[in-house]
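Hi,

Here is the structure I promised to pass on. Have a look at it first, and then read my notes below.

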Protein chains: 2
Amino acid sequence: MTDRSAAVAELTAALPEGVVATRPEALEKYRFDWAKDPEAGMPCAAVRAETAEHVQVAVGWAASHGIPVVPRGAGSGLSGGASAVEGGLVVSLERMTAIEIDPAARCAVVEPGAFNADVKKAAGEHGLWYPPDPSSFEICSIGGNIATNAGGLCCVKYGVTTDYVLGLDVVLADGRLVTLGGKRIKDVAGLSLLKLFVGSEGTLGIVTRATLRLVPAQLAPSTLVATFDTVRGAADAVVAMGRVVRASMVELMDRPTVNQVEDFAPMGLDRDRALLLVQSDAPEGAREQEMAVIEKSCVEAGSVDVFVTHDPAEGESFVRARRLAFPAAEAAGSLLLEDVGVPVPQLPDLVARVEQIGVERAVDIVCVAHAGDGNTHPIVMYDAADADSTRRARAAFEDILTAAIALGGTITGEHGVGRLKRDALPAMLGPHVMELNQRIKTALDPDGLLNPGAVLPVIPAGQR
Amino acid sequence: MTDRSAAVAELTAALPEGVVATRPEALEKYRFDWAKDPEAGMPCAAVRAETAEHVQVAVGWAASHGIPVVPRGAGSGLSGGASAVEGGLVVSLERMTAIEIDPAARCAVVEPGAFNADVKKAAGEHGLWYPPDPSSFEICSIGGNIATNAGGLCCVKYGVTTDYVLGLDVVLADGRLVTLGGKRIKDVAGLSLLKLFVGSEGTLGIVTRATLRLVPAQLAPSTLVATFDTVRGAADAVVAMGRVVRASMVELMDRPTVNQVEDFAPMGLDRDRALLLVQSDAPEGAREQEMAVIEKSCVEAGSVDVFVTHDPAEGESFVRARRLAFPAAEAAGSLLLEDVGVPVPQLPDLVARVEQIGVERAVDIVCVAHAGDGNTHPIVMYDAADADSTRRARAAFEDILTAAIALGGTITGEHGVGRLKRDALPAMLGPHVMELNQRIKTALDPDGLLNPGAVLPVIPAGQR
């Protein structure tokens, strides 16, 4: 019996039956997230925590043995933030799914494994709404949303996950549990640790409970669909309308995306053009005015065809098509998914540059975007069986990151750095900000055991 | 010539003429903020920085001599966060007031000394709006707003300062300048350092430039004024309406506040009752519905009298009366200003407990509140010439902090911990979260020279 397997036996004994998985076939499902990082290791064990105390036991055990810990929600992450580390421990939060709504405080108190959609549903039963809505909202967990500070389609008007996190219970690197914030709306007592943990991708601690702010239910939206001969035209329309109104959704699908989605689930979209999907949830009275501004922006930017519907179900069918962009691309072949963002006025330049990169590298790139936020998801398609295609796709992926940085943008708007973009982070942040990141990491996780290799490079102990 | 005065001479020589102040009469104005902390020291010099480089020179100089640095904006802080440290350096940002609006990106790029009101005005010229609005918005600086994560009257609907900070230039403890974030709306590349610096009260770095998010101009609001026999009744109305609508302002003045304001600037408010001031900026159509919900909530909670006006100027006169609460209290005598907050459903209990504390300690407490956020400003009045009155006021101040913590609240919702509430922070956060705060502080300011004694206790070098 090796030291590690003795240690694992100790962990198994310390937790209730069925909590610790150790058989290779059981561990296989804890190795990868949706990024399918080929470098993901095989963990020594997975703890399917049922309580915060289980997480504390697991992390405390890992700390005492110097074993790395990768926390994991629903495994729908797109940047390898939940890729297992060889020989490390996976702490899965999938069993911690409790949701409690406090309608008077307009809060949800949620365990990290709860799905985003279930939080929305529970809030909806009280006439309340939890806005953040990643495209994957039906299969992604709140814990993962917090880990990546997830965005989505409505954040152009309603903000991102961090804007809704009022409180967190976090298990620290040494196994202690701390509570940050709570049901109070405003709180400036002490440093903003709460906001620091949001978006930290499991590198600073493991969230075991979150208090989320809710708002009154959204009004059923009106929907405008406009088609454009060029992506640049659609992007121009986005910039123009953003100066005047706060649409509740501003999504862009380029022509190749429209075609992929039509191939995947035909609904009669115009295959010859880029599509802009805009919604307004303004109250009656203001609604017509807002829709008029949106329509005018599209027409003046060269829209070929504009369709407006006030029927929520009809509008939702277009939103569903938009949400199919990623599954449709997945069905079409191997892909590298980007998440680059730029200031909104630079959106036309970014989408034009992405098209150009596709030509230069001779790869197909389909591009969808949360256009109102300047956050785009170019998807580089390739043939995994063809080494040259793979090489060209990777080169295009790097080119897009470089282009975003050059336009004053970010390498990730909402998916997180994870492991896939770790090596691109220094080029974006520069050495001084990288060093600040590392100092914070070391301050909160001195032994570097929490999700090592995610976001930041692993620094050998002697050099921290 | 002492070592310190030789060092000051070196600093004076390193910066342009007129930037460094050293004469005691010139330094007097840099000793205090509005908290008038009697323990404020006399600085050795004040740097009136005109550029980020001046700040870098000043901080670099301080670091090389081991001299503490207190950054300072407009000096309107209410918790002693800008109290000078004896023999330390004050870095004043009052001369850095540039404001640049980028209407396409819907951003303001602002130097820290710019007044909040001037940012609003500059944005307004482009049909845009910077929402955060501390009561002191006409005389407080953006740098100070960022340092304390300031709130205000509109944050019940529009959020607080951190929700609008997209980018910061920060001079670090060693004099390096880093840029965090930028004009991009969504960005999750690396740890959320940007959010960590917001609200850090100058203890982690000095902000020299901020990129602020702007939104389309607010519609002129409708205003409802309701009077109540009891503060609890008014607070009950707040809880009830908050479950259904997002009013754009929900302010509460208790009866003693109404009387103080009437004494200070008579406008015919009902001196016998507590006053609730609610605004709706919902678009036409939705406006009537929202106002109806607000009115119904007030009536059902026992409102004696409800007055509604759709005239923005008339509504603003009530808002102005509310903003006078603090100046009116100042004119009435010596005071201790609280900033405690609780979850909204606990607001009635908090205001009732504050009244009770006034009776128990035999002190007058007037109470205004950003009621929709559960954030209250009880003001403890006392006679500074009377030692017993002063002692009772301090005891009441402590009692209110304790009451807020007991109700799941915070010792500060928007003013910051500063030096006045530093000793109350451990009771609220507990030893583990205090230790996390200290770890972050030490990671970013290892020598403890940035605003020492604000927020956190000074830790001797050997114990860090």
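Before going on, some ground rules. This is a predicted model, in which local features need pLDDT of at least 70 and side-chain atom pairs count only at pLDDT 80 or more, while totals for chains, interfaces and linings use all residues. Residues are numbered from 1 along each chain as its sequence is written, chains are lettered from A and ligands numbered from 1 in the order in which they are written, and side-chain values use heavy atoms, with hydrogens and water left out.

**The 4-stranded sheet in chain A**

That residue pair belongs to strands β2 (45-48) and β4 (89-92) of chain A, which pair in the parallel sense over 4 bridges (two strands pair if DSSP finds at least two bridges between them). Their open sheet has 4 strands in the order β1-β2-β4-β3, with mixed pairing. At the edges are β1 (20-21) and β3 (69-72) of chain A; each has a single partner strand, so one side of each is left without a neighbour in the sheet.

Helix α3 (52-65) of chain A lies across β2, β3 and β4, at about 165 degrees to β4(A). Angles run from 0 to 180 degrees between N-to-C directions, and axes are lines fitted to C-alpha atoms, for helices over the stretch in contact.

Helix α1 (3-14) of chain A also meets α3(A): their axes come within 10 Å and cross at roughly 160 degrees. That makes the two helices roughly antiparallel (the label for angles over 145 degrees). By class, the contact has 7 nonpolar, 1 polar and 1 charged residues. Nonpolar covers Ala, Val, Leu, Ile, Met, Phe, Trp, Tyr, Cys and Pro, charged covers Asp, Glu, Lys and Arg, and the others, Gly among them, are polar.

**The 7-stranded sheet in chain A**

Another open sheet has 7 strands, ordered β15-β12-β14-β13-β17-β18-β16, with antiparallel pairing. Its edges are β15 (305-309) and β16 (334-337) of chain A, each with a single partner strand, so one side of each is left without a neighbour in the sheet. Neighbouring strands are turned by 15 degrees against each other on average, direction ignored.

Within this sheet, 7 bridges join the antiparallel strands β12 (222-228) and β14 (274-280) of chain A. For instance, A:F228 has A:A274 as its bridge partner in β14(A). Helix α8 (231-242) of chain A packs on the sheet, touching β12, β13 (249-253) and β14, and makes about 20 degrees with β14(A). Helix α12 (325-332) of chain A lies across β16, β17 (364-370) and β18 (375-382), at about 10 degrees to β18(A).

**A helix pair in chain B**

In chain B, look at helices α13 (347-361) and α14 (387-406), which pack at about 155 degrees with their axes 10 Å apart. They are therefore roughly antiparallel to each other. Their contact includes B:I357 of α13(B) and B:I400 of α14(B). It has 8 nonpolar, no polar and 4 charged residues.

Conventions:
Contact means heavy atoms within 4.5 Å. Angles under 35 degrees count as roughly parallel, over 145 as roughly antiparallel, 65 to 115 as roughly perpendicular and the rest as oblique.
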